[in-house]
Amino acid sequence: MLAERLMVEMGGLLCSRRSIDKDVLADRVSVDIYKLCKKEKRLLQQEWPRLLAYNPNIFRNAWMKTVHRSSSIKRTLGIVTDEEAPRNRCLIRLSTVVESFFSRIVATITYDQPAVEEACKQLGASHRQYKSRGFQAIFWDIFMLSLMDAIELSTTEYLSGSARLRMLHTCQKFIHGIVEQLRVGYFEEPTPVVPRLPKLSLTESALNKDRTSQFSCE
Ligand code: HEM
């Protein structure tokens, strides 16, 4: 329901913005992985800290919603019942690391695109190691929905009208962009590790002793 409403609202927002905000469209020449224009990136940098200040538990709430939505995620994180989720150490840790990852990206979003893209891909690839615990890429989509729900709820406390819709639309594109890159890294063929052969060097003494075939490994 929420997601559908958001899509309808976003459609309306896009139409109204098309007429009012011509420079946003002009900015689209410089779109990137998040499909955000400069103005939207500035908005995100300005509003993200405000969002977290209004609701410091936003990521925790998103994780609670996530585990509530999926018993597979619960199993992966070692949670047996919903009641124990708030005390689950893995979930508490994840809530902190994921929040700081998003915040770091917001801080660098306007100037270091290749680094942001690479960081997301690497993190996506690092999640392959959790496959044995039951991790699946679709978990990111479930988390993304839950995070958007939490953001939508929090923004009602301090934003309204078109300012709120613009923020929601920007967050949606941003989070979606991150998850897309996580997925790319997760599914990318891992670069095969070529074992390094030891360097062979001809030592002085070997040369003096026997000029034919004495080598040593470094
Ligand atoms: C956009 C969402 C997410 C981000 C940015 C993210 C990021 C991270 C980061 C930074 C770590 C720390 C270790 C590492 O670098 O691998 C981590 C660990 C982990 N993540 Fe994610 N994650 C996300 C979503 C999820 C979801 C939805 C699950 C579902 C189960 C998950 C499962 C795990 C697990 C099992 C670990 C290891 C935790 C531990 O043993 O400490 N992640 N994640």
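Predicted model: local features only at pLDDT ≥ 70, side-chain atom pairs only at ≥ 80, totals over all residues.

Trainee: How do you know which elements the chain has?

Mentor: Helices (H or I, at least four residues) and strands (E, at least two) are DSSP runs, numbered from the N terminus. By that rule the chain has 10 helices and two strands. Their order from the N terminus is α-α-α-α-α-α-α-α-α-β-α-β.

Trainee: What makes H8 roughly antiparallel to H9?

Mentor: The axes of helix H8 (residues 138-155) and helix H9 (residues 161-187) cross at roughly 160° and come within 10 Å. Axes are lines fitted to C-alpha atoms, for helices over the stretch in contact, and angles run from 0 to 180 degrees between N-to-C directions. Angles under 35 degrees count as roughly parallel, over 145 as roughly antiparallel, 65 to 115 as roughly perpendicular and the rest as oblique. H8 is therefore roughly antiparallel to H9.

Trainee: Which residues make the contact of H8 with H9?

Mentor: Among them are Trp-140, Met-144, Leu-147 and Met-148 of H8, together with Met-167, Leu-168, Cys-171 and Ile-175 of H9. Two residues are in contact if their C-beta atoms, placed from the backbone, lie within 7 Å. By class, this contact of H8 with H9 has 11 nonpolar, three polar and four charged residues. Ala, Val, Leu, Ile, Met, Phe, Trp, Tyr, Cys and Pro count as nonpolar, Asp, Glu, Lys and Arg as charged, and the others, Gly among them, as polar.

Trainee: What makes H3 roughly perpendicular to H9?

Mentor: The axes of helix H3 (residues 38-54) and H9 cross at roughly 100° and come within 10 Å. The angle lies in the range from 65 to 115, so H3 is roughly perpendicular to H9. Glu-40, Leu-43, Leu-44 and Glu-47 of H3 and Arg-166, Met-167, Thr-170 and Phe-174 of H9 make the contact. By class it has four nonpolar, one polar and three charged residues.

Trainee: How do you know which residues surround the ligand?

Mentor: A residue is near a molecule if its C-beta atom, placed from the backbone, lies within 6 Å of it. For the ligand there are 21 surrounding residues, the closest being Val-97, Ser-126, Tyr-130, Phe-139 and Phe-143. Two or more residues come from each of helix H5 (71-76), helix H6 (89-108), helix H7 (113-126), H8 and H9. H6 gives the most, with six residues. The shell has 16 nonpolar, three polar and two charged residues.

Trainee: Why is Arg-166 called buried, and why is Ile-175 called partly exposed?

Mentor: A residue is buried if 20 or more other C-beta atoms lie within 10 Å of its own, exposed if 12 or fewer, and partly exposed in between, with C-beta atoms placed from the backbone. Arg-166 has 20 such neighbours, so Arg-166 counts as buried. Ile-175 has 19, so Ile-175 counts as partly exposed. Arg-166 is found in helix H9, and Ile-175 is also found in helix H9. Beyond four places in sequence, Ile-175 touches Met-144, Leu-147 and Met-148.

Trainee: What makes Ile-73 buried?

Mentor: Ile-73 has 22 other C-beta atoms within 10 Å, and is therefore buried. Ile-73 lies in helix H5 and, leaving aside neighbours within four places in sequence, is in contact with Thr-66, Val-67, Phe-139 and Ile-142. Across the chain of 218 residues, buried residues make up 21%.

How values were computed
Residues numbered from 1 in each chain as written.
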